[in-house]
Amino acid sequence: VLSTALSGGGAEYVTRVMLERLPDTMCIVFENDKNIHVKKKVVRVITSGKKRGFFFSLLRNIYRLFYIQWVKLRYRPVTTISHLEGPNIANLVTAAGGRSIIFVHNQVAQNYPKDIFINRVKLALICLLYRRADRVIGVSTEICKEMVEDYGVRETHSQFLPNPIDNEKIQQLSKIGYGDWRDELLNQQYLINVASLTEQKNHSLLIEVYSSLIRKRPTYKLVLL
């Protein structure tokens, strides 16, 4: 499994869940600054540190490609699963990784709206490479539609698969007492949305839905995390 990191947003969370649940799986991440480990699983970190300009980033990306290629040649995996653009591109330009399954977590058009050089390069690579994947997984139906209509992915190779939710773990955590304001919150009825405060996450729709809900259930609260 290839990913940018094991901490961060939804894609990183899915990477962690996959690593925990899939047997005989190892993980390669671009960085692991929070030093996250998954019990009984191998996590290889390629590089770390902050960006230091265009040429440093270019050299680092080239090194990442060589490293991933070396790992594929050494272990000959049956399947290589990747998340997000950087790992997806690395997965598709390297060989000997078995079946290539790439996860697309955001609509590309919304992810790279600015007409700048680096975005043009990424869009060109996505257009050229994504259609070569054995399976392109979109975490929403709109992403799958975009992949087929705008990036040449065959419909038979595109699949919608929402991000997993660990209901059992959530149930266990909900029974924990904290001895502070969180205990009061847990005794109330509420909706919670965990997301960055960006246009892409569509909080305006959430607030419209909540506005309709509280007409019928005025005790419900909305928590934005």
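User: How many salt bridges does a search of the whole structure find?

Analyst: The search finds 3 salt bridges, each being a side-chain nitrogen of Lys or Arg within 4 Å of a carboxyl oxygen of Asp or Glu. This is a predicted model, in which local features need pLDDT of at least 70 and side-chain atom pairs count only at pLDDT 80 or more, while totals for chains, interfaces and linings use all residues. Residues are numbered from 1 along each chain as its sequence is written, and side-chain values use heavy atoms, with hydrogens and water left out.

User: Which residue forms a salt bridge with R21?

Analyst: The partner of R21 is D166, with the closest N and O atoms 2.7 Å apart. R21 lies in helix α1 (residues 10–21) and D166 in the loop between β7 (158–160) and α7 (167–174), so the pair ties together parts that are 145 residues apart in sequence. Helices (H or I, at least four residues) and strands (E, at least two) are DSSP runs, numbered from the N terminus.

User: Is D166 buried or exposed?

Analyst: D166 is buried, at 19% relative accessible area, whereas R21 counts as exposed at 53%. Buried means under 20% relative accessible area, exposed over 50%, and partly exposed in between (1.4 Å probe, protein chains only).

User: What about R120, which residue does it pair with?

Analyst: R120 forms a salt bridge with D115, the closest N and O atoms being 3.0 Å apart. D115 is exposed at 62%, and R120 is partly exposed at 42%.

User: Changing topic: where does E146 lie, and what does its side chain reach?

Analyst: E146 belongs to helix α6. Its side chain reaches the backbone nitrogen of A109 at 3.0 Å. E146 is buried yet has no salt bridge, and the nearest side chain of opposite charge, K145, is 11 Å away. For charge, Lys and Arg count as positive and Asp and Glu as negative; His and the chain ends are not counted.

User: And which residues make the nonpolar surface patch?

Analyst: The patch covers about 970 Å² and is made by F54, F55, L58, L59, I62, F66, I116, F117 and I118. Helices α2 (54–75) and α5 (117–129) are the elements that give two or more residues to this patch. The largest share, 6 residues, comes from α2. Patches are made of residues with over 30% relative accessible area and no salt bridge, with like charges joined within 9 Å and nonpolar side chains (Val, Leu, Ile, Met, Phe, Trp, Tyr) within 5 Å.

Notes
Areas by Shrake-Rupley, 256 points an atom, 1.4 Å probe, with all protein chains shown as cover. Polar contact = N/O pair within 3.5 Å; in protein donor to acceptor, adjacent residues only side chain to side chain.
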